[in-house]
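These are my notebook entries on one protein chain.

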Amino acid sequence: MWTQLKQQFWQGRAVALTTFSIAGFVLALRWAGGLQFLELTALDRFFRWQLPKAVESRVVIVAIEEADIQAQGKWPIPDRAIAQLLDKIKSKNPSAIGLDLIRDLPVEPGNEELNEVFASTPNLFGIEKVIGGAYGATIAPPPQLAEQNRVGAIDLLLDRDGKVRRGLLAVTLEDGQTKESLAARLALKYLEDRGIEQEVVDGDAGEVKLGKALFTPLNANDGGYVRIDPRGYQLLLNFRHRACTQEPCSRFPTVSMSEVLEDRLPPDFLAETGGTGFEGRIVLIGSTAPSLQDRFFTVYENPLAGVEIHGELTDLILSAALDRRPLMQMWSEPLEVLWIVVWSGIGAISIWVLRRMRWKLVSFVALGGGLALGSFGAFQAGWWLPVVPALMGFMGSGIAIAGYQLYLEQKERQTMMNLLGQQVSPKIAQQVWRDREQLLKEGQILGQKMVVTVLFSDLKGFTTITENIDPETLMFWLNDYMKAMSQIVLDCDGIIDKFIGDAIMAVFGVPIPRTTEEEIAQDAQNAVRCAVKMAAKLKQLNQEWYEKGFPTTAMRIGIATGVVVAGSLGSQQRLNYTIVGDSANVAARLESFDKSLDGGICRILISEQTHDYLHAQFPSQLIGLAQLKGRKQPMNVYQVPIKS
């Protein structure tokens, strides 16, 4: 039992060492930022895989398209046209209007008209750009809207791959001043009209309760991000997916500027808004014309216009506060570390415990697929789990354990070959390799008690032959004999235990213990069948030797069945697989018993126990009760006659 516990400990140590080594490597690579791109790519793929969802059209977009610019005849579009557009929209009683157009300077004609609209539209918000540096120059807001504090920031955050995945609710400037984003201003105005106001839950953590949602800002190492700049109040955008027949397509009900000015709202727009158009909704006005290059790459394959991204963030705030729409959440770092370590362990264990390669592959694919599907399911519920590091840990530990097992198998195979060499047939070798875990312990085949049949053969008059031929011819002649007889032993499912001069000791029933009487009987029959074939082969060899002028000979064979202990003997430098027990002695004594007893070219004597297992498969005759040398009790001896 101690040996078994020791083996299990060593096996467990190998799995544990692999698990923590691979997990440590993955975690170090992740901490260094080496997996951020892959994790963000996986996140993008999850967004694209999600099923289209019904979108509550609280946000609608008035798009300034290429045709609208052509109709106005210039860019920027004059203030008068913008004032007329705002008047048209205002007359439809929207909840709030976001003007995502730069108006820090007048664009004549019509600036006075636009300023009048600004003054008479309290739910209208303009834009400014407050972050400079790598994100471009700052842009001032429309002066009149700035005086009335009706301005929102439109700054967008780009990840290292140039994609927008994060949205800003607020920006903190170097002087400590806080600027809310356009999306936040519009959403808060919409919610305020419905009696919903923000409530600070934890000022230090930045937790804010708004309606049914608890908002928490994104930190530097949340999700797959590594040491990003967390300044401001950032959220991971939870993009909606809507079925689109063609790209580009808006994620929101959209109408063009010209259609609004000409009072011809299209039927599909009215259908999407329940026939009310702009009433009670947030209206975002912005350019979607490709020539203006106000487009950004996001999780989708095709870029989105800036006004659509502001719409996504506005819609996210509203649907979270009103509909409990999940905000993307991430685990704490310790929990993510545990997740990666656990999956590294699963990868190692799944490969270690399964023996057949087919099942290893099936379990590997099933578990890896389950991890990916489970992570996607969690994403659907609003959780961004570290699927890429977990998969890397799972696959890395699995591959490492598979490589380690391959090394062990090669080592064990070499040990088996060193122990058994050419002693066994391919059939037995395959059985031995199949059951190697039960047979091989610490580089040795441990001794096992089992019932076997032992065959001992010797040449008749070998001493006289050695005196009459030269050593070189003797060696050739003896090798010719040994090669032929050894092959017969292997063909009959026996193993060669040893060669002793001209003698051969073969064993039937090792190294895998027999568990039934039928198997033991089969071994006894195989041994006798082997002896009969050896006699026939010797007859053939004698004819060949005679023709070559070599000496001819006869042989004696003794066969006994009984209990022995089989295992490897020796030291680590030199091991030999053999058997120890009375049956080996009995077989040797039967071979040398009463040499005056003739048997022709091959005399075969068998023990009584072997005879009982033959079940009349071979002809035999009782020689009588014999007192074998070295044994106290006499035993019945039988002879298997050979046809001459």
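**Basis of the entries.** I worked from a predicted model, in which local features need pLDDT of at least 70 and side-chain atom pairs count only at pLDDT 80 or more, while totals for chains, interfaces and linings use all residues. Residues are numbered from 1 along each chain as its sequence is written, and side-chain values use heavy atoms, with hydrogens and water left out.

**Terms.** I took helices (H or I, at least four residues) and strands (E, at least two) as DSSP runs, numbered from the N terminus. Two strands pair if DSSP finds at least two bridges between them. Strands of a sheet pair through backbone hydrogen bonds, either parallel or antiparallel.

**Entry 1: the parallel sheet.** I looked up the strand order and found S4-S3-S2-S12-S1-S11, an open sheet of 6 strands with parallel pairing. Strand S4 (151-153) and strand S11 (254-256) stand at the edges with a single partner strand each, so one side of each has no neighbour in the sheet. From one strand to the next, the twist averages 25 degrees; angles run from 0 to 180 degrees between N-to-C directions, and axes are lines fitted to C-alpha atoms, for helices over the stretch in contact. Strand S3 (residues 124-128) is joined to S4 by 3 bridges, and I noted Gly-126 opposite Val-151 in S4. Helix H10 (residues 306-323) lies across strand S1 (59-64), strand S2 (96-100) and strand S12 (282-287), and runs at about 160 degrees to S12.

**Entry 2: a sheet of 3 strands.** Here I found an open sheet in the order S6-S5-S10, with antiparallel pairing. The edges are strand S6 (178-180) and strand S10 (233-236); each has a single partner strand, so one side of each is left without a neighbour in the sheet. Strand S5 (residues 166-172) is joined to S6 by 3 bridges, with Ala-170 opposite Glu-180 in S6.

**Entry 3: strand S19.** Is strand S19 mostly covered or exposed? I found that 6 of its 6 residues are buried, that is, under 20% relative accessible area, where exposed is over 50% and partly exposed lies in between (1.4 Å probe, protein chains only). Ala-503, Met-505 and Val-507 point one way, and Ile-504, Ala-506 and Phe-508 the other. Strand S17 (residues 448-459) runs antiparallel to S19 (residues 503-508), joined by 5 bridges, and Phe-456 stands opposite Met-505. In S17, 9 of 12 residues are buried. Strand S18 (residues 495-500) also pairs with S19 in the antiparallel sense over 5 bridges. Their hairpin has 2 residues between the strands, and Gly-501 takes a positive phi near 65 degrees.

**Entry 4: helices H17 and H18.** The axes of H17 (residues 471-491) and H18 (residues 517-548) come within 10 Å and cross at roughly 150 degrees. That makes H17 roughly antiparallel to H18; angles under 35 degrees count as roughly parallel, over 145 as roughly antiparallel, 65 to 115 as roughly perpendicular and the rest as oblique.

**Entry 5: Ile-642.** I located Ile-642 in the segment after strand S24 (635-640). Ile-642 is partly exposed, at a relative accessible area of 22%. Not counting residues up to four places away in sequence, Ile-642 touches Val-532, Ala-535, Ile-601, Cys-602 and Ile-604.

Technical notes
Contact = heavy atoms within 4.5 Å.
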